[in-house]
Amino acid sequence: MTQETPDARKTPAVLFVCSKNGGKSQVAAGLMKQLAGGAVTVYSAGTKPGKSLNPQAVESLTELGIDITGEHPKPVTAEVLDAVDAVIVLGTEAKLEPHEGTRFEVWETDEPSERGIEGMERMRLVRDDIQARVQTLYAELTGN
């Protein structure tokens, strides 16, 4: 019988979900990957994956030195749901049932377009809202 040391915990894993997996969930995943530097396993997916990434989402991360150009929209899979400790749904458009035994949150992210703010100004506000939430989640998942 082997004994694990208290600090031999597995790396926490998180799945960020939005409907198309082209914008908000990709932004959240990119921000978490940069912040965690490998301390958290990060996935993103969509309930109805689109065909491509939102160019403004990509640009908003490029402004922070984060490159997600190699990413593409992916569907939510049972394998990923089984592998993660937390599922974060961004926005209210994507519908997903909570997975038993997994932390499940819906982040009703800032939607500047409701205030008439569009384009890159809108995407920066969305990114900044998600970034603050990602920082809190990172601290909760890692204890840092």
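In this predicted model, the lining of the largest pocket comprises 7 nonpolar, 9 polar and 7 charged residues. The space in this pocket amounts to about 450 Å³, and of the 23 residues that line the pocket, Cys18, Ser19, Lys24, Glu93 and Arg122 are the closest to its centre. Two or more lining residues are given by each of the elements α1 (24-36) and α4, with α4 supplying the largest share, 3 residues.

The strands are arranged as an open sheet of 4 members, in the order β2-β1-β3-β4, with parallel pairing throughout. Strands β2 and β4 (103-107) lie at the edges, each pairing on one side only, and the twist from one strand to the next averages 20 degrees. Between β3 (residues 86-90) and β4, the parallel pairing extends over 5 bridges, and valine 89 is found opposite valine 106 in β4. Helix α4 (residues 119-142), which also contributes to the pocket lining, packs on this sheet through contacts with β1 (13-18), β3 and β4, and the direction of the helix makes about 165 degrees with that of β4.

When neighbours within four places in sequence are left aside, the contacts of serine 52 are with Gly22 and Pro73. Aspartate 67 stands 15 residues from serine 52 along the chain, and the C-alpha atoms of these two residues are separated by 15 Å.

Key:
Residues numbered from 1 in each chain as written. Predicted model: local features only at pLDDT ≥ 70, side-chain atom pairs only at ≥ 80, totals over all residues. Heavy atoms only, no water. Contact = heavy atoms within 4.5 Å. Pairing = 2+ DSSP bridges. Axes fitted to C-alpha atoms, helices over the stretch in contact; angles between N-to-C directions. 1 Å grid on protein atoms, 1.4 Å probe; cavity = no way out; pocket = protein on both sides within 12 Å on 5 of 7 lines; lining within 4 Å. Points joined across faces, edges and corners; volume = space filled by probe spheres on them. Nonpolar A, V, L, I, M, F, W, Y, C, P; charged D, E, K, R; others polar.
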